[in-house]
Amino acid sequence: MSKSEPMSKSEPMSKSEPMTRAELGKVSDPLRPRPMEQVSQAEKGEGKSSRDYLMPTYGDVPVTFVRAVGTELFDAEGRRYLDFLSGLAVTSLGHCHQAVSQAIALQAATLVHVSNLFGNELAPQVASMLDRLIGGGVHAGGQVFFANSGAEANECAIKLARRYGGWGRYAVISAYGSFHGRTLATLHATGQPSKHEGFQPLPDGFRHVAYADPAAIKEAIRPDVAAVLLEAIQGEGGIVEPPSGYLSEVRQICDETGVLLIIDEVQTGLGRTGKWFAFHHDKVQPDIVTVAKALGNGFPVGACWARKEVASAFHPGDHASTFGGQPLAMAAARATLQTMVDDDIPSRAAGMGGLLAGALARLDGVVAVRGRGLLLGVVLGKECANQVAGRALELGLVVNAVAPEVVRLAPPLTVTKAEIQEGVNLLGAAIGTVLAEAGEGGTEGGVARGADVKPPLVARGEDDDADSDKDARETL
Ligand SMILES: Cc1ncc(COP(=O)(O)O)c(C=O)c1O
């Protein structure tokens, strides 16, 4: 088209107009797994490019997934896996939850991004919802900064604590065994010295003390300390739960010394432990709370909430993120939070978590089950968690080893009783096989196995009833 040529009148206008819900519905129904013949080559991963182009930060991957729905993941060959990890406590409403997928699709066709130099309608709504959930159903009176990940939410918390502390008050006390992220500051806050190796010098101002020991925190507080940063349950550290009352004691110490209490709820937040936030079990009110993972049900979004008086230490220009709080992420977060509220997801996690923990504790080879709600650590009698997780994957169950003797389970909070039963059976079979191979007297359980064992090939269709948990009701 030449510069002077006018645009044809017959040019379809619809291309620049947002899609309606009805039009989006026609594009695809994200709720239904499709038969494999309807899955495109690209989705199947055929002709996929080599992982040689990816930096080697993650090691070899045992399987490549191409689609998912609810608690189920499918690989390129159509094998079905039960996802008891939720992308590391992320897809709490299950994969491709209809409300979230539709909200993302609708927003993607309406307004994807605007700079924070301008407003968008969604960010204040999500901030208000978060403030209410942090207050346990009533507004806590705080303010939110939106980021894109857990590490960034924690970076914001650390910067805010320094800003609030003022000159000379900058240090952050965190716990050994903790995990707070991989940026340089959050890496130093992470109390796992092995992860620091090779990256020194790390930013100054981080000290580590024993977890679950209030006296150690009291002893470490000096005039330069701005904040104490803790997980209410240590996730990456092996699902380590402090005794009840720990956070209340730390709260008291912080109050007495004028130090801020930051709770990292990146893994434990939004219903995962059976309450909206894990600190609600101890009925404390932190000064700063960080959230990410489940907030977008898979869409990357993080948030740092702070009491208003603390948040007001920030002024325009002090902190920013190009993508933080952009409309697409906020649409995902709003739909996720609304669904969680409507479905009372924390109560569901508490109930299903009790069933799962009880069934796991009865498995041969399990010496303890740690954690709360649907964030559970299965403690094995020997250091074989990696082998058990590998075997479970071969059988069609996704879990991971979070310590040499601890397997982590974090299924979607929407998991059904039937899925819990299936997951427990598969994990029991995996533990049995690994212990039998090690000559530890494990039984191989009732699941077919062998060197070439693979999850079943399935063509799941319309008649599958994800809620048919009647069979499990009798057994759990
Ligand atoms: C408690 C906790 N904080 C922070 C992070 C870092 O989150 P992200 O990987 O989104 O940066 C994680 C990740 O596992 C976490 O478990």
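Begin by selecting helix 13 and helix 15: helix 13 passes helix 15 in a right-handed crossing. A crossing is right-handed if the near helix is turned clockwise from the far one by less than a right angle, and left-handed if anticlockwise. Helices here are DSSP runs of H or I with at least four residues, strands are runs of E with at least two, and both are numbered from the N terminus.

The model is a predicted one, in which local features require pLDDT of at least 70 and side-chain atom pairs count only at pLDDT 80 or more, while totals for chains, interfaces and linings use all residues. Residue numbers start from 1 along each chain as its sequence is written.

**Helix 13 against helix 15**

Select residues 345-361 for helix 13 and residues 417-437 for helix 15; their axes come within 10 Å and cross at roughly 25°. Axes are lines fitted to C-alpha atoms, for helices over the stretch in contact, and angles run from 0 to 180 degrees between N-to-C directions. Helix 13 is therefore roughly parallel to helix 15 (under 35 degrees is roughly parallel, over 145 roughly antiparallel, 65 to 115 roughly perpendicular, and the rest oblique).

Next, display the side chains of Met 352, Leu 355, Leu 356, Ala 359 and Leu 360 in helix 13, which make the contact with Lys 417, Ile 420 and Val 424 of helix 15. Contact requires C-beta atoms, placed from the backbone, within 7 Å. This contact has seven nonpolar, no polar and one charged residues. Nonpolar covers Ala, Val, Leu, Ile, Met, Phe, Trp, Tyr, Cys and Pro; charged covers Asp, Glu, Lys and Arg; the others, Gly among them, are polar.

**Helix 14 against helix 15**

Move to residues 385-395, helix 14, whose axis comes within 8 Å of that of helix 15 and crosses it at roughly 125°. The two helices are therefore oblique to each other, and their crossing is right-handed. Among the residues that meet are Val 388 and Arg 391 of helix 14 and Leu 427 and Ile 431 of helix 15. By class, the contact of helix 14 with helix 15 has nine nonpolar, two polar and one charged residues.

**The ligand**

Now select the ligand and the 15 residues around it, of which Ser 149, Gly 150, Ala 151, Val 266 and Gln 267 come nearest. A residue is near a molecule if its C-beta atom, placed from the backbone, lies within 6 Å of it. Helix 6 (residues 150-165) contributes the largest share of this shell, three residues. The shell has five nonpolar, seven polar and three charged residues.

Methods: Contact = placed C-beta atoms within 7 Å.
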